[in-house]
Amino acid sequence: MMENTKPKWGIDSCVLHILAMGFMLCDHLWATLLPAQGWLTCIGRLTFPIFAFMIAEGYYYTSNVKKYMCRLFIFAILSEIPFNLIMGSSVFYPFHQNVLWTFLIGLISIQIIEKVKKKENKVLLVLTICLVVGVDYILGTIAMVDYYGAGILMVLLFYFFREKNWVSFVAQLIGMYYLNVVVLGDLYYPVTIFGHEFEIVQQGFALFSLIPIWLYNGRQGYHSKWFQYFCYAFYPVHLLLLYIIWQWSIH
């Protein structure tokens, strides 16, 4: 669909990126300077699905997939030390890898599936999809990338169900619930309503990300080279700045 035929109402790509960066900042403020403010990390749960959605969308809109992968790879490397400092207070921390590796694996997986699609062999395509999904889950978990194997599958979820119809919306909702609540749900908040006690899964707040995702109108919005690289640089730069301020505040 051409840009000028897409609906003008809704949220464009630029706004989605800004929202996701804002949610990310909230999450990392909680992880460093404001650990007592649990509501910040609840807001932060919306970050990953929005970026996962944008990675899947970005595949279709990029003019050069190899350059897209190369940018992710370079910024994944640049982000590793700031991420390690936040996660392990060390330049080298092999037990958790930053989120850009998750997105890079997801993007490579999409490229593999798309290449097999061109062969027009349905059996081969189904086998490839099953193999890719299985390998991604195992690789993401063993490599300990951010959000583990479930994070990579979230990218694929938005790739498989990117059409704006009720089938895709239902599939996204079910997939998001399973990956976030069933697979990743390990922290719970006790809540009492009218004398009845319930437990709310912290990662379940990620499902609210579907609201801005569903409001996405397919338009790029404001775009320039500086803004593109600002979005990439925001991740490592804000992590490094937060770490410096965090360490300064506790000494």
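Reader: Is Leu241 buried, partly exposed or exposed, and what is its relative accessible area?
Author: In this predicted model, Leu241 has its place in helix α10, which covers residues 225–249. Buried means under 20% relative accessible area and exposed means over 50%, with partly exposed in between. Leu241 therefore counts as partly exposed, since its relative accessible area is 48%.

Reader: Which residues form a nonpolar patch on the surface, and how much accessible area do they have together?
Author: Leu241 belongs to this patch, and the other members are Val237, Leu240, Ile244, Ile245 and Trp248. Taken together, the residues of the patch have an accessible area of about 620 Å².

Reader: How many salt bridges does a search of the whole structure find?
Author: One of them brings together the side chains of Arg45 and Asp27, and another is formed by Glu57 with Arg162. The side chains of Lys117 and Glu114 also meet in a salt bridge. For the whole structure, the search gives a total of 3.

Reader: What is the N to O distance in the salt bridge of Arg45 and Asp27, and which parts does the pair tie together?
Author: The side chains of Arg45 and Asp27 meet at 2.7 Å, N to O. Arg45 lies in the loop between α2 (38–44) and α3 (47–61), while Asp27 lies in helix α1 (residues 13–31), so the pair ties together parts that are 18 residues apart in sequence. Both residues are buried. The distance is thus 2.7 Å, and the parts tied together are the loop between α2 and α3 and helix α1.

Reader: Where do Glu57 and Arg162 lie, and how many residues apart are they?
Author: The closest N and O atoms of the salt bridge between Glu57 and Arg162 are 3.0 Å apart. Glu57 is buried, with a relative accessible area of 5%, whereas Arg162 is partly exposed at 23%. Glu57 is in helix α3 and Arg162 is in the loop between α7 (148–160) and α8 (166–183), so that this pair links distant parts of the chain, 105 residues apart.

Reader: Which residue joins the side chain of His28 in a polar contact of 2.7 Å?
Author: His28 is found in helix α1, and it is buried because its relative accessible area of 15% is under the 20% limit. Not counting residues up to four places away in sequence, His28 touches Tyr235, His238, Leu239 and Leu242. The polar contact of 2.7 Å joins the side chain of His28 to that of His238.

Conventions. Residues are numbered from 1 along each chain as its sequence is written. This is a predicted model: local features need pLDDT of at least 70, side-chain atom pairs count only at pLDDT 80 or more; totals for chains, interfaces and linings use all residues. Side-chain values use heavy atoms; hydrogens and water are left out. Patches are made of residues with over 30% relative accessible area and no salt bridge: like charges are joined within 9 Å, nonpolar side chains (Val, Leu, Ile, Met, Phe, Trp, Tyr) within 5 Å. Accessible areas come from the Shrake-Rupley method with a 1.4 Å probe; for residues, only the protein chains shown count as cover. A salt bridge is a side-chain nitrogen of Lys or Arg within 4 Å of a carboxyl oxygen of Asp or Glu. Helices (H or I, at least four residues) and strands (E, at least two) are DSSP runs, numbered from the N terminus. Buried means under 20% relative accessible area, exposed over 50%, partly exposed in between (1.4 Å probe, protein chains only). A polar contact is a pair of N or O atoms within 3.5 Å; within protein, one must be able to donate a hydrogen and the other to accept it, and residues adjacent in sequence count only if both atoms are side-chain atoms. Contact means heavy atoms within 4.5 Å.
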